[in-house]
Amino acid sequence: MAVFRCRFFSQSLLRDVHINVILPADQPQLPGQDVQTQETYPTLYLLHGILGSEDDWLNHTNIQDLSIRYGIAVVMPAGENQFYVDQKATHALYGEFIGQELVNFTRKVFPLSPKQSDTMIAGLSMGGYGALRNGLKYQQTFGMIGAFSSALIISDLSQRQNTSPIPFETRKYAEAVFGHDLEAVSKSDKNPIWLADRLSPEKKINSKYL
């Protein structure tokens, strides 16, 4: 197994970004042992939750063991408390970064399968929201979506006030991340349910499960 910490310049974010990548390669081979090798690997893009970083999965889970067991490469980017959505006013295009640029970059640099069926996205909490939103928005890229304890906060954004002592629960935080017109968010591509309801018939899922 090989673990990479990679830095590259992101056109979507207009700055250097860090990602972690696990490749289930470089397995030890004992005499007489036949080690299976692959030309390209199925890939999981794994998104962390709020207050987290791209190191969370490496430090606090057994993701490395799972990568080896199932022969899946894992790419872990940073979401920086921004919910993995595009913020056009500041050119912080986190959704475009996750759904397009990161996939294209990692496929060029690492031996990853280009097939949609081999490309997965998943996340926890804020990352669960990001996986649902970007997995549905970029449905031609991702074949599977996994979302754990997803922070599906869209429905009550417009009712927020600035009275909460928790910064992430205030209206000003929501406006900074999702835009000043919070009423419009529920009927936009920042709402996973809105995106799910617009899937083509052959890909249709029941949005009541989101």
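**Entry 1**

I started at Arg171, which has 23% relative accessibility and so counts as partly exposed. My cut-offs are under 20% relative accessible area for buried, over 50% for exposed and partly exposed in between, with a 1.4 Å probe and protein chains only. The model is predicted, so I took local features only at pLDDT of at least 70 and side-chain atom pairs only at pLDDT 80 or more, while totals for chains, interfaces and linings use all residues. Residues are numbered from 1 along each chain as its sequence is written, and side-chain values use heavy atoms, with hydrogens and water left out.

Which residue forms a salt bridge with Arg171? I found Glu175, with the closest N and O atoms 3.2 Å apart. A salt bridge here is a side-chain nitrogen of Lys or Arg within 4 Å of a carboxyl oxygen of Asp or Glu. Both residues sit in helix α5, four residues apart, about one turn of the helix. An α-helix has 3.6 residues a turn, so residues three or four places apart point the same way.

**Entry 1: the other salt bridges**

I noted one network, in which salt bridges with shared partners join Arg5, Glu54 and Asp55. The structure holds seven salt bridges. In the one between Glu54 and Arg5, the closest N and O atoms are 3.1 Å apart. Glu54 is in the loop between β3 and α1 (56-60) and Arg5 is in strand β1, so this pair links distant parts of the chain, 49 residues apart. Is Glu54 buried or exposed? Glu54 counts as buried, because its relative accessibility is 9%.

Next I looked up Arg15 and Glu80, whose side chains meet in a salt bridge at 2.7 Å, N to O. Arg15 belongs to strand β2 and Glu80 to the loop between β4 and β5, so the pair ties together parts 65 residues apart in sequence. Both ends are partly exposed: Arg15 has a relative accessible area of 27%, and Glu80 has 37% relative accessibility.

**Entry 2: helix α5 and its ends**

Helices (H or I, at least four residues) and strands (E, at least two) are DSSP runs, numbered from the N terminus. In α5, I listed Tyr173, Ala174, Glu175, Val177 and Phe178 as buried. The buried residues of this helix pack against β5 (86-87) and α4.

What caps the N-terminal end of α5? Thr170 does, with a side-chain oxygen 3.3 Å from the backbone nitrogen of Tyr173. Just after the helix, Gly179 takes a positive phi of about 105 degrees.

I counted a contact as heavy atoms within 4.5 Å. Leaving aside neighbours within four places in sequence, Phe178 is in contact with Phe83, Val85, Tyr129, Ile153, Ile154, Leu157, Val185 and Lys190.

A nonpolar core is a set of buried Ala, Val, Leu, Ile, Met, Phe, Trp, Tyr and Cys residues joined through side-chain atoms within 4.5 Å. The largest core has 39 residues, and Tyr45, Phe83, Leu102, Leu157 and Phe178 touch the most other members. At least two residues each come from β1 (2-10), β2 (15-23), β3 (43-47), β4 (73-77), α3 (94-109), α4 (126-137) and α5 (171-178). Helix α3 gives the largest share, five residues. Apart from this core lies another, of ten residues, including Ile22, Trp57, Ile63 and Met120.

**Entry 3: Arg133**

I checked Arg133, found in helix α4. Arg133 counts as buried because its relative accessibility is 1%. Not counting residues up to four places away in sequence, Arg133 touches Tyr84, Val85, Asp86, Gly95, Asp189, Lys190, Pro192 and Leu195.

I took two strands as paired if DSSP finds at least two bridges between them. How many bridges join β1 to β2? There are nine, and the strands run antiparallel. Val3 has Ile22 in β2 as its bridge partner. The hairpin has four residues between the strands, and Leu14 takes a positive phi near 55 degrees.

**Entry 4: the whole chain**

I recorded six helices and eight strands in the protein chain. Read along the sequence, the pattern is β-β-β-α-α-β-β-β-α-β-α-β-α-α. Of the 210 residues, 47% are buried. Among contacts between residues at least 6 apart in sequence, 63% join residues at least 24 apart. The chain exposes about 11100 Å², and carbon and sulfur atoms supply 52% of that. Accessible areas come from the Shrake-Rupley method with a 1.4 Å probe; for residues, only the protein chains shown count as cover.

Notes: A polar contact is a pair of N or O atoms within 3.5 Å; within protein, one must be able to donate a hydrogen and the other to accept it, and residues adjacent in sequence count only if both atoms are side-chain atoms.
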